[in-house]
Amino acid sequence: MRFIVCVKQVPETNDLKIDQNTNKTVTEGVSTIINPFDQLALEQAISIRKEGDEIVAMSIGDPKTKSTLMRCLALGADRAILLDDELFQDSDTFGTANILVSAINKIGDYDLIFCGNSSFDTGSGQVGPELAALLKVPQMTYVESVDEIKEGKIRAKAQTDEGYRIIESTIPLVITGIPPSSFQPSIPPLPKIMAAQKKPYDVWNTDDIEGDKNKFGAAGSLIKIVKLYEPPKREEGIIITEDPEPAVEKLMELLIKDKVI
Amino acid sequence: MIEFTEEQELIRQSVSEFAQKRIAPIALDMEKNKEIPKEVIKGMAELGLLGCTADPAYGGSGLDAVTAGVIAEELAKGDCTGSTCVFYLVQASWGYLFNKYGTEEAKKEIFPKVTSGDWFLGIATTESGGGTDVVGGKTTIKKDGDDFIVNGEKMYISGVREAVNGGGGHVTIGHQSPELGSRGMTVFYLPLTSEGITPTYIEDLGREGISCGGFSIDNVKIPKKYIIGEENKGFYIIHEGYEYARALIAVICAAAGLKSLENGMNYVKERTVFGKPLAKFQEINFRLAEHYTKLEMLKSLGYEALRAIDLEQEGKGDRFETSKIVAMSKMFASDWACEAINDVIQWQGAFGYSRECPDQAAWRAVRSFSLAEGTREVMKMIVARELLGKELTSYK
């Protein structure tokens, strides 16, 4: 079986600065990590891999994204593909999904496509479902674990608002994963990092994936960001340090003064 | 500035994640409990950090010195007590020596247990009468048929309890031909579980997660396979292990100092005095700039020293040039880091002096490194020897 895992490199910090002129976050000088949900997706793929299966990690980005893909190889992916072209820039989720679909078609046969539930930076959670729609395959969302693959069917445990559900689907399909609360991302050990350097790593551009250029980047995007701005900073709170009784009195005074009660 | 490879950056990321998530939160507890938790040692082993300089054939990763430095740097940022740094650096440095000069049979026996974290591989050359003056040591090693008999004692040694209780031993040195002085010394591996070893323990000022102690050696028999390198050439061999450790110590000191400055910066930006942040006081921001500059210089020099070790291994370096740059890197490593951390303690006021503050633990740990693996004074002697020539060296 072939599993394709789509991963994204995201900033390590929550304290991103915004460039008001370009309506983009400033990424220069900001350290990056693999989107944690995407690492879960990769680990889900690794957990069900059997001998002879292939795991392909794929990401859209620039040469700096190689570090994320090398991490995927060190964690257990068999090959990695970086999709890097100026035309891919400014893609919204639909443009992103179109690029990934072209690359998936170029790879050829596949059985499962794994994505993280959403990304830590933009967090729209759209790419997985859009991939499924464009590829015309089923999708499972909020998958916490893949329990069984048997006779062309897959069974998984997925989160709901109330608890869990066990769901089944035919293959191929798209799975978007979400981590259980106990999830501890694996840390690649030294020997595997060293072995990863010898695994296949390719860089594909628009011509390589033979897609429709009008569907990539800003041209292929349905959504345009009109304005990107930070939420107003919360004012500093008041800490009441007195003993309990006078503290309650003071708290009441403040709440009444601010017309909270 | 040294440039790191993609592979080294990935290794840095892995070790950083491990150190920040698994070590930093429990670092101060390691001092209270006087041990590195088994889960941490197991985690270090699973990551491939223990005995990482041994060849893959023996369970190591065959790392070069610069990469070993990257690991040391990230451990130092995560472990304010320096305990895991010592646990790591000793095994990396002396594992390197053992890998280079040890017998095939001994490496096959010992390394797999070291890299799995079951055994500890240490260094024991210091004696109660002195450490830096290796030739002045009293320990002897004598041939006895196919075996060797060792007598003497070692003192102020890291990891004694770990090797006595968990298994393993220490690389050490003794006089095989006392009449030949430095030309009659032999390096060997001494299992601390051997009959005739009696350990004693000492409370150290810092890095308390790893034990410190000594042991008497009373007619301990060791097999020939435990001899490291050529007999009577030990004095020359042992310095390669020291130098490896010294260069790692330079990087560890720089990283510990820079981490402490980071703590200090976070504090002085938030803490206000007389209506303005502490950071705005010139006394603080000038000191910060000075410490940062010194520590970055130190880190660069530490990596240059490690690179010199690598170049020498590739046949491109010079033995004495390596000794010089290594000594330069370690000479002020502890002093500069201690000065920086001491100021960070001062900036944090009473909290800085409390046991809750990670920086006081870092100061106590880093302080040890102007003594360990060759004193500050010996580093000066080595550099001066290379500048003035051996005939003008101060120890002859």
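Helices and strands are taken as DSSP runs, a helix having at least four residues and a strand at least two. On this basis, chain B of the predicted model contains 14 helices and 10 strands. The C-alpha trace of this chain spans about 80 × 50 × 40 Å along its principal axes. The radius of gyration of chain B is 21 Å, which agrees with the value near 21 Å for a compact globule of 396 residues. Of these 396 residues, 53% are buried. Among contacts in chain B with a separation of 6 or more, 75% join residues 24 or more positions apart.

The domain assignment divides chain B into domain 1 (6-121), domain 2 (122-228) and domain 3 (234-391). Between domain 1 and domain 3 of chain B, the C-alpha centres are separated by 20 Å. The contact between these two domains involves 23 residues of domain 1 of chain B and 24 residues of domain 3 of chain B. On the domain 1 side, helix H2 (27-33), helix H4 (65-78) and helix H5 (83-101) of chain B each contribute at least two residues. By residue class, the side of domain 1 of chain B that touches domain 3 of chain B comprises 15 nonpolar, 4 polar and 4 charged residues.

The largest nonpolar core has 180 residues, and within this core Val5(A) and Ala57(A) touch the most other members. Helix H8 (residues 234-270) of chain B provides the largest share of the core, with 18 residues. When residues up to four places away in sequence are left out, the contacts of Val5(A) include Ala57(A) itself, together with Ile55(A) and Val56(A). Val5(A) also touches Ala41(A), Leu42(A) and Ala45(A), as well as Cys72(A), Ala77(A) and Phe114(A).

Helix H7 of chain A covers residues 244-257. At 1.5 Å a residue, its 14 residues should span 20 Å, and the end C-alpha atoms of H7(A) are 20 Å apart, in agreement with that expectation. A residue counts as buried if 20 or more other C-beta atoms lie within 10 Å of its own. By this criterion the number of buried residues among the 14 of H7(A) is 0, so the helix lies largely in the open. H7(A) is followed by Lys259(A), which has a positive phi, near 60°.

Methods:
Residues numbered from 1 in each chain as written. Chains lettered and ligands numbered in written order. Predicted model: local features only at pLDDT ≥ 70, side-chain atom pairs only at ≥ 80, totals over all residues. Rg over C-alpha atoms; globule rule 2.2 N^0.38 Å. Buried ≥ 20, exposed ≤ 12 C-beta atoms within 10 Å, placed from the backbone. Contact = placed C-beta atoms within 7 Å. Expected span 1.5 Å × (residues − 1). Core = buried A, V, L, I, M, F, W, Y, C linked by C-beta atoms within 7 Å. Domains from an automatic or database assignment. Nonpolar A, V, L, I, M, F, W, Y, C, P; charged D, E, K, R; others polar.
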